[in-house]
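Here is a short briefing to read alongside the model. Have the sequence and the 3D view open, and follow along topic by topic.

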Amino acid sequence: MRRCLAALAAVATVALAGCSTGSTTGSSDQQVIPELDPAQQVSITFESYNLLQAGVWTDTVKGLVADFEAAHPNIHVHAQPTQGASVVGTNTAGSVQTQLLAGNPPDVAQLTFDSLDFAVTKLGAQPLDKLVGKEAVTEHFGGRYPFSPNAATLADWNGGTYGLPYVFSTPVLFYNASLTAQAGLGDNPDLSTWDKVKAAAQAVTAKTGKPSLSIGCTPGGNWCLQGMMRSNGGRVLSADRTTIQFGEEPAVGTVAMMRDLYDSGVLANLDSSSQYEQFARGGSLAFELQTSALQGTFMSGAKAGNWTLKDAPMPAFTGKPAIPTNSGSALFLFAKDPAKQRAAWEFMKFMTSPHAYEQITTKIGYLPLRPSMTEGAGPLAAWAAGNPLVRPNLEQLSRLEPWVSFPGDSYTQIDTILDKATQDSVFFGKDPHATLADAQRRAQDLVNK
């Protein structure tokens, strides 16, 4: 699990200092890496947490690796899952850290955005705009189907590009339109605010006698929780990255709102996997705020259970704009050998190309980070027109704010503190104001140490 990184980091920081770049701007005398000779054979290792989950996730990644090797016969890619993890998206930086200490890190790794600070300052992620030149990076983000401006900078650090944003989504409110219709709400209810979601959930719960809403922001969904807090005008961290703020109003008000949903009998107390599994089965859960990466899972569940799946954007707080944050990851380069660096860069470009997003979006459900692919004569235009579930996710891309990475070696501990304080406040009767204030003090101590 990603949580194990916190304990490992305390032991490993000194050792890592000798093997990381230790710089947030890259080496000033670093030269652009040379192109590969077509006859030059190079092997690289790619680590991806998407390979932890069987089915469309693994099949899609392996298919793209095969496509890349066919187009680059001199580059061979060994694809491996995140080491020491069993849950998608966990322990990504910890896996690289362990292999780095052993002297054999992956050449390219898929790391979640909450580890950006740690990946650059401790793990030695390579500065792409220095390895290949700023023009090459700019050219890759552009082209016929350019990256969304809000997506392209998500792996930037202190003015440099350290990763290529790869796969992510925004929080989407999926709902069972068959259940809402049975509850007298019709199959297209207004779910634009949390007040309206509460009213709709109460109607379904009155019909079924069971909680009808789950929120994937807790437990273990701090990326989503950050978006909810921002939508209420709050923050988890100050803009200068020095002060924890999730114990302040209105961040606390966000948790208090979820507590009200639970006390009202509409919010289910389920672990993260049970949330999406129960919703996919089409039982009593009618509403699920969740990553769009589960869109394919929910579509399959709806088909098997003969119920209608629809979705809506993340709800707003009344009178305030909804501000979604992103989940997901970027691809980071850790190779030190120039030939492997060039091969890794070519692979990273391919995995974030229009061809890759055709596969990733249609098969898994992640956002196409090159959104114009869904417009006009773009390769995803017909698919998007026939798949209305993708529309809220695409629309939210234009309003996206980044998933904030906490500073320092103890960033996963801070995540754990926030997650536990939220669960205690929502599900276990603790006072949100006192609980979140105490959590903020303890998290601040970790930042200051």
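Ala66 is found in helix H2, where helices (H or I, at least four residues) and strands (E, at least two) are DSSP runs, numbered from the N terminus. This is a predicted model, in which local features need pLDDT of at least 70, side-chain atom pairs count only at pLDDT 80 or more, and totals for chains, interfaces and linings use all residues. Residues are numbered from 1 along each chain as its sequence is written, and side-chain values use heavy atoms, with hydrogens and water left out.

- Ala66 is partly exposed, with a relative accessible area of 41%; buried means under 20%, exposed over 50%, and partly exposed in between (1.4 Å probe, protein chains only).
- The C-alpha atoms of Ala66 and His76 are separated by 9.4 Å, and the two residues are 10 apart along the chain.
- Strands E1 (residues 42-48) and E2 (residues 75-81) run parallel and are joined by 7 bridges; two strands pair if DSSP finds at least two bridges between them.
- Within this pairing, Ile44 stands opposite Val77 in E2.

**Helix H6**

- Val137, His140 and Phe141 are buried in helix H6 (residues 134-141).
- Seen down the axis of H6, these buried residues fall within an arc of 95°, so they line one face of the helix; the arc is that of the directions from the helix axis to the C-beta atoms.
- Glu135, Thr138 and Glu139 are exposed on the other side of H6.
- Packing partners of the buried H6 residues include helix H5 (128-131), helix H7 (149-152) and helix H14 (338-351).
- After H6 comes Gly143, with a positive phi near 85°.

**Gln226 in helix H10**

- Gln226 lies in helix H10 (residues 222-231) and is buried, with a relative accessible area of 3%.
- Its side chain reaches the backbone nitrogen of Val404 at 2.8 Å.
- Not counting residues up to four places away in sequence, Gln226 touches Val236, Thr325, Pro402, Trp403, Val404 and Phe406; contact means heavy atoms within 4.5 Å.

**The disulfide**

- A search of the whole structure finds 1 disulfide, defined as a pair of cysteine sulfur atoms within 2.5 Å.
- Cys217 and Cys224 form this disulfide, with their sulfur atoms 1.8 Å apart, and both residues are buried.

Key. Polar contact = N/O pair within 3.5 Å; in protein donor to acceptor, adjacent residues only side chain to side chain.
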